[in-house]
Structure formats: C-alpha cells, structure tokens
Amino acid sequence: MLNQKTRQIFEKNGGVLTLPKALEYGLSKEGVRKMYLRGELEKVHAGVYTLKNDLPDELLLLQTVYSKGVLSHESAAALYGFTSFTPTEPIFSFPQGYKLYRNPELVIAPYFVSREQYQTGIEEVQTWEGNPILAYNPEKTLVDLARSRYTLPLIFEEAMQGYFALGDVNVERLLDYAEQFGVLDKVKKEMTVYA
C-alpha cells in the first residue's frame, strides 16, 4: 500500500516523478522498485514514474520524458490561450541533431530546428494544471506559427488576434523575432489587422 508521504511527493510534482527526484525526497531506488513491482507505480519511461491509475499532467509528463523538448507552435499558442485549436499530438521543438528516442505510448509531434532557433525565446511557463514546463514565449510562438508551412493561415490569424486581445504584448520583441527569422512582412501584415 502506497504511503501518504509518497502520494504527497507525487502530487507535489504534478503526478510525475523521476528516480533522481525520488532520491532527493529521501526515497530509495529499492523502495521505488518495490512500489513498481507491487503495482503501485507505473513506469512510463526509463527512470520516470507515475502513480498507478492516476492521470498526471500530460505536458509535464512529456517534458519530463523529452527533457530537451520545448513546447511550441500550436501547442504553445493553445496554452497561452491565443487559439481554440489544440493539436492531438503536443508539438515540441528540439535542436537539430538531437537523437529523439520515442516512447510509443507518449506521442508527440517533434519539430527540429537550428540551435539558434531552438535557444531563442525559451521560458518556464505553467501548464493548465499549474506545473512548470519549458515553452517558447508568446512572441516566439507567433513567429514559429508564421514560419511553419504546416500551420493553417486561419490558426496563425486567430493566434495573432488572441495575442493582441490579451493587451500585455511586447511588439518590439515580436518584430525583432520576426525580422530575425525572416517573417517580418507576414507578421506586420497581420499586425495591421489586430494591433
């Protein structure tokens, strides 16, 4: 039977616990292994556990398993509330050359970008459940949508409208990113409609 302390540790970590984090909390490797063998924990990836029959924060779980991934594109826009569209497979960006070991039970849509593009605009944000993950800031998210050949024009337009409707915008950073990544004209054109 899972003790209250262990349950609280999982709750404090969004329902997802890595073995190194478990050790930080004073749990032993052997203790974690025994909980897994008794069926109290589910091993979702090497060294990553959730409580059996519990629904952890999906974005936090994916970020934990795919630690180099940064929530991006339509998935980040949905998290920010810029668009009503949420992809069925969360989109995460990775640096080019990164060897992605996919877990067939944890489906994502990977997007590989240059190191410069990957490193620009990463921030820690809160998931819908209030857990911290890495995502691109709102301005980089809009520029990624503008650059992507897979983003439908209506989604980009809705995201731009949603961004400007929030009122807390950083137009200078948006234009800097748009220029840096070659979509300045496209972003400016949309801005004339919503800004």
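Hi everyone, let's start inside: the largest cavity is lined by F10, L17, T18, L19, A22, L27, V32, M35, L41 and Y49. Here a cavity is a set of points, on a 1 Å grid over the protein atoms alone, where a 1.4 Å probe fits but cannot get out, and lining residues have an atom within 4 Å of a point.

A quick word on the source: this is a predicted model, where local features need pLDDT of at least 70, side-chain atom pairs count only at pLDDT 80 or more, and totals for chains, interfaces and linings use all residues. Residues are numbered from 1 along each chain as its sequence is written, and side-chain values use heavy atoms, leaving out hydrogens and water.

The volume of that cavity is about 30 Å³, taken as the space filled by probe spheres set on the points, which are joined across faces, edges and corners. Its lining has 9 nonpolar residues, 1 polar and no charged ones, with Asp, Glu, Lys and Arg counted as charged, Ala, Val, Leu, Ile, Met, Phe, Trp, Tyr, Cys and Pro as nonpolar, and the others, Gly among them, as polar. Strand 1 (16-18), helix 2 (19-24) and helix 3 (29-37) each supply at least two lining residues; helices (H or I, at least four residues) and strands (E, at least two) are DSSP runs numbered from the N terminus.

Strand 2 is joined to strand 3 (residues 48-51) by 4 bridges, and K43 has Y49 as its bridge partner in strand 3.

Technical notes. 1 Å grid on protein atoms, 1.4 Å probe; cavity = no way out; pocket = protein on both sides within 12 Å on 5 of 7 lines; lining within 4 Å. Pairing = 2+ DSSP bridges.
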